[in-house]
Every structure is written in structure tokens, then in C-alpha cells.
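Please look through the sequence and the model below before reading on.

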Amino acid sequence: IDLYIVCITYREGEFMSKTQSTQPRRMKAEMWDRMQFLFRNYYDRMIHFYLKFDEPLDFAALSKAYKYVVDRIPVLHSSFINCAVTPYWKINYDYTEGDIISLKKVGSGEEAHDTAFGFLTQEIPVKAKLQIQVAVVRYDGGDILVQVLNHMCMDGPDTKEMLMLVAKAYDQILAGKEPDVEVKCGDRSHYQCYTLYNEEEKKKALGLYKNVSQVKHQIKFPYTKRSKNDKSRILRRVIGREKSAELKDMSKKAGVTLNDVLLVAYMRALYKACGIDRTKNVSVPCMVDLRRHIKGGKSYGFSNHIGFMICTAHGYKEDYLQMFADIKKQSDAAKEDPYFGLYSLPLLNLAYKLFPQALAEIAIGLGYNNPLTGMSNLGLLKEQDFAFDNKTPSDLFLTGAIKSIPYLQLAASTYKGEMTLTIAVKCKDEDEKALTVFIDDIVAELNKMLQVIK
């Protein structure tokens, strides 16, 4: 093994320039990098960003801004090397602006939409020299900026932060200045999530060896069988500003969060789509941001810090308020736990410490059960955070990985008071038809709540 590593190191450095030879050539693959790589068995590991502008952007300035930011986030210009013993990131320096971003000129808005979504559904190979791909789809009505980024590098919150930095650099470039934006480049490990605890609390948190992936009451969406001909697709529904405001007001009156409301609508639609006995329980894991445990509330380096909590509907109730109360009780109890979302992190870390990569993947695979369903609320996307030279997107949404059959996830994000719901799945046309009915049923449930709860 030692001889193998020496040979690899020589080959990587052999063709590097004198300037590049002084720069780091590799970087440690952190626990969540490796877990996201393991998740390749369940989804495409990509994060998808869509921003629509009603007037064109300055493509040259945008290209320079992206290059500036990507240069300063090493994991984005690295290739993942899946060594049998210890995987790592090989940092690349031989790339240009054109390798990051492209300009695609089309005619109509419909063609722009299809081109944008076609770009969004691509999958970046882990061995690619860049773990981000960007395109500007230009049509007669403006520009659509689409970005695909490897989830192994960072999660949704850090992806939002990265794009905000691009916008800042863009503004500086248009103002005739050289970009000078502070890009964090600190710790990427999961140990950041213990920085708020004292020594005694940290010791306890590091001993939470609980396998939270063992979800009871899982249900499976009625897909067809997975095949090589399955196609990646993103289904989207937008709940308008007025309806979104009404849902927010309704949730306050009911004493629950908007997330609780969305989860209940999702669960009720699952009962219907999956033909589940209404007396049976249904569990759905919800993604949670672990930055609540990081001192300062932000990650120190671009990375992943997402856990999940499991919520269970104890039977289908005709009364929405009963289901709200059931979910609220569980979510409140989970949030009161000082170690909320941190369970099983020590277990995963132990597996990667004890075993070489090849055996660690087998060991974790034996104990880990990827949830069949899930929900992720990616939160509020503020207009000014994504303004490019004061041009704010007229439409914007963010969604996570494209799942493979039999997995399913509902994602939500809010922009300009409108809530976007997305389901991203690699499947057949027949499955897409079933998913279309399903996501429409979720929207119908939300509309019905507004009629019933006054």
C-alpha cells in the first residue's frame, strides 16, 4: 500500500508547474463527503439551483466571478479519489472559466425552460476536475442561471452562501474593481457540530451511538421497477404569494409551524397514493440543519451539516388539527433535545475510523437503511441575497438530489413569498404521471386546509 501511495503522489506531481507544485495537491475526505459518496446508491448526489432573470446578465463578469469563488473553495476544483484504504480529494488547478460556466442561446421561453431543466438534471462524475457546473440559458426574455453542484462538497445552506459570494464578486467586477470577497476556507469536518458544548456535554454527544436510520412505519411509493432507461426529472409546483401567506397565517392560528403543515399534507397524500390503511402509522424523516450546534451558527468551511428527525402520523385523521397536534408534539420534543440531530454521527465516524474505505462502506451499508420517503425544507431565499448588480431573479428555487427508485423526497423553498415544492426522481414516464398526481394531491391538501380551518 505504501508503494502504491508513493507512485500515485509522483504521478500527480510529475506534470505540475513550479507554481502549482507549491500548492496543496490533496485534501482529506471528511466523514460526510464519504457518506454522500455512499449515497450514490440512492440518489445522484447533486444540488440544483435555478434563477431566472428578466434581463440579461453580463456573462463575462459572471464567468470571472464564478472563477474567483471556485478558486478559493478547493473542494470544488477537486476530484474524489475512492482509494480502498483512505479516499481523498485530489485538488486540480488546470481549469478555466469555460470549464465552469457556459452560455447557451435559445429562442423561446419554452425552449429556455427545457434547456435549463435538461442542464439541471445532469450528474457530475466524482472524478471530474470540477464538482460544479453552471450555465446561462439566454433567450429573448432574459437569462436563466442554472447551477449543479456535488452534494459531497457541501449542503443546501452552504450552496446558498456560495452563490451569494458569486453575486458579490460580480457586483465588484461590474464596478470596475478586482473581486475581493471573503471566502471561508476553514474546518470541513463534522466536529464543528460540537463547538457549543462544554467538555462534559461534548463527551456525551460523542457517545451517541444510535442508528437513527432504522425508521419504523416506512412506506413505499408505488413506482414501477428501476431500469437503466430511467430518466432524471424534476417536478415543480408553485404555491402563489397569496396562498402562501394564508397558509402561514393558518399555521400560526393552529399553533404549529408551516413545516408541520406541509408535513401533514405530504403524509395525507402518501396515505392516498400508497393505499395505506388509515389505522396504520406512517413515518417520514425531515432534514434538519445541524448548524444550530456550531458556534456562530455557520460552518467554518464549505461542507455538509445535515441530520434528520423522524415524525410519525399515528393514523390518518379526518381532522387536520388532530394531525397537526400529533406532529407538533413530536417536533417540539425533538427540538428540545440538546443533541437534536446528532445521533448516529459518532457511529458513522467510528466505522470510517475502524475500517478502510472498502470495508467501511460494507459495514455501514449493512446497518444503514436509507429512508424510503423524506422531506426537506430548504427555507427562505431572500431577494437581495441573490441580486446581481441589483437585478433580482424574478423566479428562483433550490432543490436537492434526484432520487432513484424506490426513494422519494419532497423539497420546499420560499422566494418572494411564493413556496416551491419539488420532487426530483430518476424514473420512467409512467412513474412521472403517478408523481404528478401525487404532488398535485399535496397542493390540494394544502388548499383544503385553508377551506376547513378558519
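Is D230 buried or exposed? With a relative accessibility of 7%, D230 counts as buried; the word buried stands for under 20% relative accessible area, exposed for over 50%, and partly exposed for what lies in between, with a 1.4 Å probe and protein chains only. The model is a predicted one, in which local features need pLDDT of at least 70 and side-chain atom pairs count only at pLDDT 80 or more, while totals for chains, interfaces and linings use all residues. Residues are numbered from 1 along each chain as its sequence is written, and side-chain values use heavy atoms, with hydrogens and water left out.

D230 takes part in a salt bridge with K428, and the closest N and O atoms of this pair are 3.2 Å apart. A salt bridge is here a side-chain nitrogen of Lys or Arg within 4 Å of a carboxyl oxygen of Asp or Glu. D230 lies in the loop between α7 (199–205) and β8 (231–239), and K428 in the loop between β15 (418–427) and α13 (429–452), so the pair ties together parts that are 198 residues apart in sequence. Helices (H or I, at least four residues) and strands (E, at least two) are DSSP runs, numbered from the N terminus. K428 counts as partly exposed, because its relative accessibility is 24%. Salt bridges with shared partners also join D155, D158, E161, K184, D289, R291 and K298 into one network.

Side chains of opposite charge can pair when their charged atoms come close. How many salt bridges does the rule give? The count comes to 22 salt bridges. One of these joins E123 and R45, with the closest N and O atoms 3.2 Å apart. Because E123 lies in the loop between α5 (109–120) and β6 (132–139) and R45 in the loop between α2 (31–38) and β2, this pair ties together parts that are 78 residues apart in sequence. E123 is partly exposed, at a relative accessible area of 44%, whereas R45 is buried at 4% relative accessibility. In another salt bridge, R138 and D143 have their closest N and O atoms 2.9 Å apart. R138 counts as partly exposed at 22% relative accessibility, while D143 counts as buried at 0%.

S79 is buried, with a relative accessible area of 4%. A polar atom of the S79 side chain lies 2.9 Å from the backbone oxygen of A128.

The surface comes next. Patches are made of residues with over 30% relative accessible area and no salt bridge, where like charges are joined within 9 Å and nonpolar side chains (Val, Leu, Ile, Met, Phe, Trp, Tyr) within 5 Å. Accessible areas come from the Shrake-Rupley method with a 1.4 Å probe, and for residues only the protein chains shown count as cover. Which residues gather in a patch of negative charge on the surface? They are D54, E55, D58, D171 and D389. D58 is found in the loop between β2 (46–53) and α3 (59–71) and counts as partly exposed, at 32% relative accessibility.

A nonpolar surface patch of about 800 Å² is made by Y209, L347, L350, L354, F355, L359, I362 and L366. Helices α11 (345–354) and α12 (357–367) each supply at least two residues of this nonpolar patch. F355 is found in the loop between α11 and α12, and F355 counts as partly exposed at 36% relative accessibility.

The last topic is the backbone. Most residues other than glycine have a negative phi, and most peptide bonds are trans. R45, the partner of E123 in a salt bridge, has a phi near 65°, a positive value in a residue other than glycine. Phi of N390 is likewise positive, near 65°. N390 is found in the loop between β11 (373–381) and β12 (395–399), and N390 counts as exposed at 67% relative accessibility. Which residues does a cis peptide bond join? The bond joins I405 and P406, with omega about 15°. P406 lies in the loop between β13 (403–404) and β14 (408–415).

Conventions: Lys and Arg count as positive and Asp and Glu as negative; His and the chain ends are not counted. The place of a charge is taken as NZ of Lys, CZ of Arg, CG of Asp or CD of Glu. A polar contact is a pair of N or O atoms within 3.5 Å; within protein, one must be able to donate a hydrogen and the other to accept it, and residues adjacent in sequence count only if both atoms are side-chain atoms.
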